[in-house]
Amino acid sequence: MQAWRVHRNGEPNEVMRLEETDRPTPGDGQVLLEVLAANINFPDALLCRGQYQVRPPLPFTPGVEICGETPDGRRVLATPALPNGGFAEYVVADEAALLPAPEALDDAEAAALHIGYQTGWFGLHRRAHLQAGETLLVHAAAGGVGSAAVQLGKAAGAKVIGVVGGPEKAKTAHELGCDLVVDRRSEDIVALVKEFTGGRGADVVYDPVGGDAYAKSVKCIAFEGRVIVVGFASGVIPTPALNHALVKNYSIVGLHWGLYNTKDPAAVRACHEELTALAAQGVIKPLISERVALDGAAAAVQRVADGTSTGRIVVLAGGAR
């Protein structure tokens with residue numbers, strides 16, 4: 001089969017190589033899946049760079065989530081077992097963790113539903129307890145993680161402020177339904193959030209960026225607000241001033257969604273049922289900006305790494321539909 005392999009760490013377009021290799025062999029409790037579509041996530045770029053919290057042995061195949069087909073013809077969502085990730089024609093995955101692909105979504109959309117929307121749902125509902133009528137501030141709102149949070153925030157009845165970088169991404173955020181869009185490159189985030197909220201500030205901040213995004217967030221957080229720390233796409237990990245959190249009476253809440261797979265897998269399945277229902281209602285739908293063939297995966301991962309993409313880029317295998 002064909003698979004992208006990383007033999008040394010570095011930038012994705014420099015270290016990913018498309019090779020002929022053997023199909024992976026399922027172990028106990030695993031199943032061989034034909035890959036229909038593999039969604040590109042920022043962690044795929046970090047894996048290539050050797051900067052992710054998990055460092056698979058070299059060589060490895062990146063690709064942390066897929067929509068695939070089982071030997072008996074079921075369409076499923078899976079997180080492949082590294083070092084044999086999803087940018088390949090076949091993967092193995094734990095059979096007990098497979099989730100049915102929602103019928104309302106095609107292969108590319110289904111491949112982009114699992115990690116981003118699960119992260120958004122757990123962040124907004126389990127960790128932040130977002131309420132209808134509250135104001136949600138989403139950083140990188142036109143990106144894959146941010147766009148999911150925007151849709152889930154609107155589904156929960158929140159007023160959503162989307163922060164983006166540049167006019168094209170601002171257009172995307174408006175189309176996603178943001179009540180206010182702020183271009184961080186040309187506009188004052190803090191002033192506009194305070195103006196929009198009548199001086200109160202944002203009740204919940206969804207931050208997959210870190211760095212300056214976090215610094216601006218805590219300047220416009222509401223009384224009893226909650227800052228959800230999802231990741232650090234900026235490459236800068238903030239150092240929170242706990243005296244500031246004390247004085248302004250807000251919470252800094254971490255979210256490592258992957259822990260739920262081991263700590264509370266039943267909650268992951270319940271969340272998937274909720275997401276499937278929302279997809280069937282047309283309330284959520286992954287924003288797919290590009291669908292690329294397998295041989296275009298390295299360049300596509302690089303675009304995600306560089307932050308130039310909007311929504312999701314999905315790698316399609318031959319049987320995708």
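Me: Which residue lies over the face of Tyr90?

Reply: A charge sits over a ring if NZ of Lys or CZ of Arg is within 6 Å of the ring centre and within 35 degrees of the ring normal. Here Arg23 lies over the face of Tyr90, at 3.9 Å from the ring centre. This is a predicted model: local features need pLDDT of at least 70, side-chain atom pairs count only at pLDDT 80 or more, and totals for chains, interfaces and linings use all residues. Residues are numbered from 1 along each chain as its sequence is written, and side-chain values use heavy atoms, with hydrogens and water left out.

Me: How many aromatic pairs does a search of the whole structure find?

Reply: Rings of Phe, Tyr and Trp (its six-membered ring) pair if their centres lie within 6.5 Å; planes under 30 degrees apart are stacked, over 60 edge-to-face, the rest tilted. The search finds 2 pairs. Phe122 and Tyr260 form a tilted pair, at 4.2 Å and 35 degrees.

Me: Why does the pair of Phe122 and Tyr260 tie together parts that are apart in sequence?

Reply: Look at the helices (DSSP runs of H or I, at least four residues; strands are runs of E, at least two; both numbered from the N terminus). Phe122 lies in helix H4 (residues 114-127) and Tyr260 in helix H10 (residues 258-263), so the pair joins parts 138 residues apart in sequence.

Me: Are Phe122 and Tyr260 buried or exposed?

Reply: Buried means under 20% relative accessible area, exposed over 50%, partly exposed in between (1.4 Å probe, protein chains only). Both Phe122 and Tyr260 are buried. Trp121 is buried too.

Me: Which residues of helix H6 are buried?

Reply: In H6 (residues 167-176) they are Lys169, Ala170, Thr172, Ala173 and Leu176. They cover an arc of only 160 degrees around the axis, which puts them on the same side of H6. The arc uses the directions from the helix axis to the C-beta atoms. The face turned away carries exposed Pro167, Glu168, Lys171 and Glu175.

Me: What do the buried residues of H6 pack against?

Reply: Contact means heavy atoms within 4.5 Å. The buried residues of H6 pack against helix H5 (144-155), strand S9 (159-164) and strand S10 (180-183). After H6 comes Gly177, with a positive phi near 110 degrees.
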